[in-house]
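Thank you all for coming; I would like to walk you through one structure this morning, and I will go slowly for those who have not seen it before. Please have a look at the sequence and the model first.

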Amino acid sequence: MPEVCSILALAVVLVAMGLFVTAKLEVDVIALCVLVTLIVLGLIDPNQALYGFASPATATVTAMFVLSAGLVRTGLVEWLSRQLNRLAGKGEMRLIVVLCIAIAFLSAFLVNTATVAIFIPVATVLAMKRRVSPSHVLMPLSFASQFGGVCTLIGTSTNILVNSIAVSKGMQAFGLFDFAPLGMAMSATGILYFILIGRRLLPRRKVATEQVDKYRLADYLAELSVAEQSPLIGQTWDKRRASRGTKVELIKIMRGEKAVSRPSRTIIREGDILLIHGNVDKLISIKEKLGLGIQAHVTMDDQELSSHEVRLVEVLVPPRSSLVGRTLRSSGFIRRYRSVVLAVQRRGRILRDRLRDIRLYGGDSLLLQVNNKDLARLMKASEVIVTNELTDLYLRKDRAVTALLIFLGVLTLTALKIVPILAAALMGAVGMVVSRCLTIEEAYDAIDWKVVFLLGGIIPLGLALEQSGAARWLAESVLAPFADFGPLMVLAALYLFTAILTEVMSNNASAVILAPIAFSLAASMHVSARPFLVAITFAASTSFATPVGYQTNTMVYAPGGYQFTDYTRVGGPLNLIFCAVALLLIPMLWPF
């Protein structure tokens with residue numbers, strides 16, 4: 001039986017897993033709660049409270065965010081993405097292959113959420129040009145970013161974290177390209193999977209040429225004519241404040257054959273046609289209240305919501321957006337970009353009511369009506385990604401070359417083991433700022449502080465599992481049956497268990513929980529822990545079966561028009577194939 005400390009440590013793990021799975025709190029908040037609990041229960045010494053924040057893994061990951069931002073902000077990554085049109089050919093298969101190879105290569109060295117954010121609009125536009133549904137390219141794009149992430153030590157924060165744990169146990173550090181043989185084999189397997197099998201499993205949805213259809217807006221729009229006795233005549237929509245009282249939005253005013261500019265501030269006349277957005281009850285209410293007549297036989301399409309002055313734009317809220325956790329009203333987004341929000345799509349659900357007061361989540365997709373002269377500012381906004389338009393390319397050639405040289409210098413120093421990866425990453429991050437590839441403010445903004453606090457709070461949990469004896473007890477009791485069948489069976493169990501955990505909770509948390517168990521298993525079986533750690537690293541960094549298992553999966557959910565089951569159907573078999581490849585190659589590359 002485990003001792004009291006072991007039971008307490010296991011209880012903390014179970015509660016933390018429950019919180020991660022239910023997503024009742026943000027992951028960084030959960031990690032900090034875990035840290036406080038460990039201190040209060042005496043599972044770690046107060047002097048070890050900052051063990052996670054002082055970890056080389058945390059510092060290295062922080063520096064890598066800044067390094068990646070240097071290449072992104074100078075326009076180099078976007079410039080590279082724009083060159084794909086010439087390589088992608090005219091067909092769907094070649095487009096998928098080119099996109100997968102490009103994003104995998106970049107994700108081997110850069111933060112994959114940043115590269116995917118740049119590639120989503122590029123991939124969407126390339127697909128639409130070829131009459132290919134975005135649903136056929138965006139999921140492969142997300143998965144390929146994960147393929148690439150496992151090709152190098154710096155590809156994902158999980159790689160860096162597990163390497164740091166290994167070094168803390170006295171093991172030799174992994175080299176920059178030690179993961180490359182297995183990572184490249186998995187990348188090739190993943191791309192081949194999409195060519196032969198995955199492409200047929202991807203949802204064959206109609207190319208969404210009409211945003212009105214995609215967001216199912218027809219039932220929430222109405223053309224109402226201004227009758228002779230309407231109280232609106234002679235007033236502006238804003239002055240009447242009709243929209244505030246009945247929670248509807250004026251989208252457009254047609255006067256004769258033309259749409260008027262600035263409709264909400266235009267004096268309304270008899271015979272004007274008002275295009276109004278709201279739910280059915282409110283549309284009926286405003287019709288009766290303001291003396292309006294319903295226009296019959298009206299076909300709603302994108303053209304109906306656009307004019308020479310306004311257009312429909314779809315934007316994605318990325319995971320690190322300042323809008324996450326806030327409403328459009330409180331954030332001032334609508335006022336800042338003078339836009340009208342028509343609908344919000346969240347994991348396949350369409351939200352249309354009280355849109356200004358909906359708390360936004362990462363991965364939400366918004367349909368906006370935007371003035372043409374405000375579109376350029378919206379496309380440069382850091383809070384959202386415009387998915388159906390390409391921004392003007394902005395390449396700072398001199399700074400881009402400098403950023404590239406700094407990054408290559410970091411890779412060289414790390415690959416040749418001239419300095420440790422932490423020192424090289426910090427040198428590169430400082431170099432990006434000193435060389436003015438980034439301002440200090442941009443460097444701070446580039447850091448994903450959620451990941452930093454997640455690592456700072458969750459790394460001590462692995463320490464507590466080890467110090468309390470819980471990791472040893474799990475290895476000797478719970479996982480003992482697998483050990484009886486040899487190290488290969490243990491490798492399979494660790495890979496599958498990590499993969500399942502990662503689908504429902506943080507990949508870094510999964511690695512932290514399982515790494516101490518891997519060490520205990522290796523010690524009890526008198527084998528090397530290195531192959532077990534590699535299995536945990538790869539399983540935690542490749543999550544395909546759910547849209548919530550990895551941030552890039554969430555990012556492409558709405559733009560691709562996917563459903564939850566699409567990920568399970570396409571990604572589930574790929575997870576099993578990757579497991580088989582891992583079981584075949586890991587013992588060959590890292591013998592027991």
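What you see is a predicted model, in which local features need pLDDT of at least 70 and side-chain atom pairs count only at pLDDT 80 or more, while totals for chains, interfaces and linings use all residues. Residues are numbered from 1 along each chain as its sequence is written, and side-chain values use heavy atoms, with hydrogens and water left out.

Let me begin with charge. Side chains of opposite charge can pair when their charged atoms come close. Counting as a salt bridge any side-chain nitrogen of Lys or Arg within 4 Å of a carboxyl oxygen of Asp or Glu, the search of the whole structure gives 8 of them. One of these joins Lys 450 to Asp 28, with 3.7 Å from N to O. Because Lys 450 belongs to helix α21 and Asp 28 to helix α2, residues 27-40, this pair ties together parts that lie 422 residues apart in sequence. Helices here are DSSP runs of H or I with at least four residues, strands are runs of E with at least two, and both are numbered from the N terminus. Asp 28 is buried at 14% relative accessible area, whereas Lys 450 is partly exposed at 29%; by these words I mean under 20% for buried, over 50% for exposed and partly exposed in between, with a 1.4 Å probe and protein chains only. Glu 26 joins Asp 28 and Lys 450 in a network of salt bridges.

A further salt bridge links Arg 73 and Glu 442, whose closest N and O atoms are 3.4 Å apart. Arg 73 sits in helix α3, residues 56-73, and Glu 442 in helix α20, so here the parts tied together are 369 residues apart in sequence. In the salt bridge between Glu 92 and Arg 199, the N to O distance is 3.9 Å, and both Glu 92 and Arg 199 are buried.

Ile 458 lies in helix α21 and is buried, at 0% relative accessibility.

Helix α22, residues 470-478, has Ala 470, Ala 471, Leu 474 and Ala 475 buried. These residues lie on the same side of α22, because they cover an arc of only 140° around the axis, the arc being that of the directions from the helix axis to the C-beta atoms. Among the elements covering them are α1, α21, α23 and α25.

Finally, the cysteines: the whole structure has 0 disulfides, a disulfide being a pair of cysteine sulfur atoms within 2.5 Å. Cys 5 is partly exposed at 41% relative accessibility, while Cys 151 is buried at 10%.

Conventions:
Contact = heavy atoms within 4.5 Å.
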